[in-house]
Amino acid sequence: MPAPESSVNHGPAATRAGAILAIDLAAIQSNYRRLREELGGVPCAAVVKANAYGLGLARVAPALAAAGATTFFVAQIEEGIALRERLPGAAIFVLNGLGAGTSDDMRAYDLCPVLNALDEVERWNAAARQAGRPLPAAIHIDTGMNRLGLPRQELARLSDEPARLSGIDTRYVMSHLACAEEPDHPLNQAQLDAFNRRRARLPAAPASFANSSGIFLGATYHFDLARPGVALYGVNPTPGRPSPMRQVVRLQARILQVREIDASQTVGYGATRRVGAGARVATLAAGYADGYLRSLSDNGSAWIGAQRLPVLGRVSMDLITVDASGVAEDLVRPGGFVDLIGPHYDVDALAADAGSIGYEILTALGARYHRIYLDG
Ligand SMILES: *Cc1c(COP(=O)(O)O)cnc(C)c1O
């Protein structure tokens with residue numbers, strides 16, 4: 001097995017780095033193609049909200065565009081503006097809708113709001129009157145998530161008074177699944193039925209329904225545009241089954257110190273964890289300030305190759321302590337690196353140990369990591 005530090009050699013910033021986050025853009029592109037394959041001929045957008053799920057909008061979005069994505073979804077208008085600068089020709093939808101006072105910016109940056117409520121429809125219609133032409137948007141109808149999207153009563157008003165949509169170029173009618181990662185959940189079929197019933201009350205328009213996991217629920221969920229996010233970034237959209245996606249991130253933390261414990265003692269804050277004489281403790285340069293969740297205290301593990309080094313005691317702000325007792329001494333040296341996310345321990349495994357989900361692990365990845373983008 002190569003020395004762990006041999007896997008990292010990326011210049012002076014990397015030499016100074018406490019931890020190195022490698023983001024595999026080629027894997028993201030391959031995941032995009034894999035989802036397209038699953039979709040047959042149905043077009044596939046890319047959801048890049050929250051800085052492309054923490055992985056860096058500026059690098060990730062152009063990589064997805066190079067793989068063929070032409071339609072993108074962000075959550076906030078600011079994210080849409082940032083993306084517009086990178087991708088002048090893309091269709092960009094803003095999921096959080098049309099806030100009061102944002103119509104001018106929406107138009108100036110050629111963004112399409114996802115209209116989530118009747119007052120947003122009203123606002124965009126007024127903007128269209130002012131523009132003297134129809135303005136593009138998606139209309140989001142709620143089908144059982146009860147989070148965003150036109151509730152049933154608002155949809156009824158819209159279908160009774162279609163003139164409210166006269167200025168709106170409806171690119172998509174969309175809805176969002178609450179339980180897509182549980183294929184047997186009855187809400188999936190119920191939402192699908194509600195979507196088909198309710199969208200029939202609006203003027204005919206292309207439909208968009210499936211997120212990452214929804215794509216794997218089968219063709220009846222595909223409609224005219226899929227909206228995957230997390231699967232692009234390597235999280236398994238089919239939990240409990242082998243992942244169809246390629247892993248995208250690798251996180252390596254530097255070993256700062258290694259110590260032999262010479263008598264039974266505790267490790268870290270709160271003295272939560274006792275180790276015996278002869279234990280070897282390695283201290284790593286990452287912590288909860290980097291998004292390494294504190295719930296990983298005594299739960300997570302670092303890895304050297306296929307060897308597991310369990311987290312010992314509490315995760316601190318900038319440091320993690322791990323049990324290196326069983327690992328050959330020459331593999332655990334100050335200056336070397338261990339995997340916090342890597343080939344033997346992916347985002348989903350870390351999330352499970354943290355009592356969380358891959359989405360949260362990715363979007364929490366810290367700003368202090370030295371980031372490296374691999375593009376094949
Ligand atoms: C975040 C989001 C998506 C993407 O979901 P994933 O589970 O990450 O694929 C799709 N549609 C809407 C409305 C969303 O909010």
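**View 1. Ala364 is found in helix H12.** Helices are DSSP runs of H or I of at least four residues and strands are runs of E of at least two, both numbered from the N terminus. The structure is a predicted model, in which local features need pLDDT of at least 70, side-chain atom pairs count only at pLDDT 80 or more, and totals for chains, interfaces and linings use all residues. Residues are numbered from 1 along each chain as its sequence is written, and side-chain values use heavy atoms, with hydrogens and water left out. Ala364 is partly exposed, with a relative accessible area of 25%; buried denotes under 20%, exposed over 50%, and partly exposed the range in between (1.4 Å probe, protein chains only). Not counting residues up to four places away in sequence, Ala364 touches Asp290 and Gly291, a contact being heavy atoms within 4.5 Å. The C-alpha atoms of Ala364 and Leu293 are 8.4 Å apart, although 71 residues separate the two in sequence.

**View 2. Helix H11 spans residues 347-354, and its buried residues line one face.** Val347, Leu350, Ala351 and Ala354 are buried in this helix. Seen down the axis of H11, these residues fall within an arc of 100 degrees, so they line one face of the helix; the arc is that of the directions from the helix axis to the C-beta atoms. The cover over the buried residues of H11 includes strand E9 (249-260), strand E16 (337-341) and helix H12 (358-364). At the start of H11, a side-chain oxygen of Asp346 comes to within 3.2 Å of the backbone nitrogen of Asp348. Just after H11, Gly355 adopts a positive phi of about 70 degrees.

View 3. An oxygen atom of the ligand lies 2.8 Å from a polar side-chain atom of Lys49. For Tyr53, a side-chain N or O atom is 2.5 Å from an oxygen atom of the ligand. A polar side-chain atom of Tyr359 lies 2.6 Å from a ligand oxygen atom.

**View 4. Phe72 belongs to the largest nonpolar core.** Val48, Leu55, Leu64, Phe72 and Tyr233 touch the most other members among the 119 residues of this core. Such a core is a set of buried Ala, Val, Leu, Ile, Met, Phe, Trp, Tyr and Cys residues joined through side-chain atoms within 4.5 Å. Leaving aside neighbours within four places in sequence, the contacts of Phe72 include Val48, Leu64, Leu83 and Phe93.

Technical notes. A polar contact is a pair of N or O atoms within 3.5 Å; within protein, one must be able to donate a hydrogen and the other to accept it, and residues adjacent in sequence count only if both atoms are side-chain atoms.
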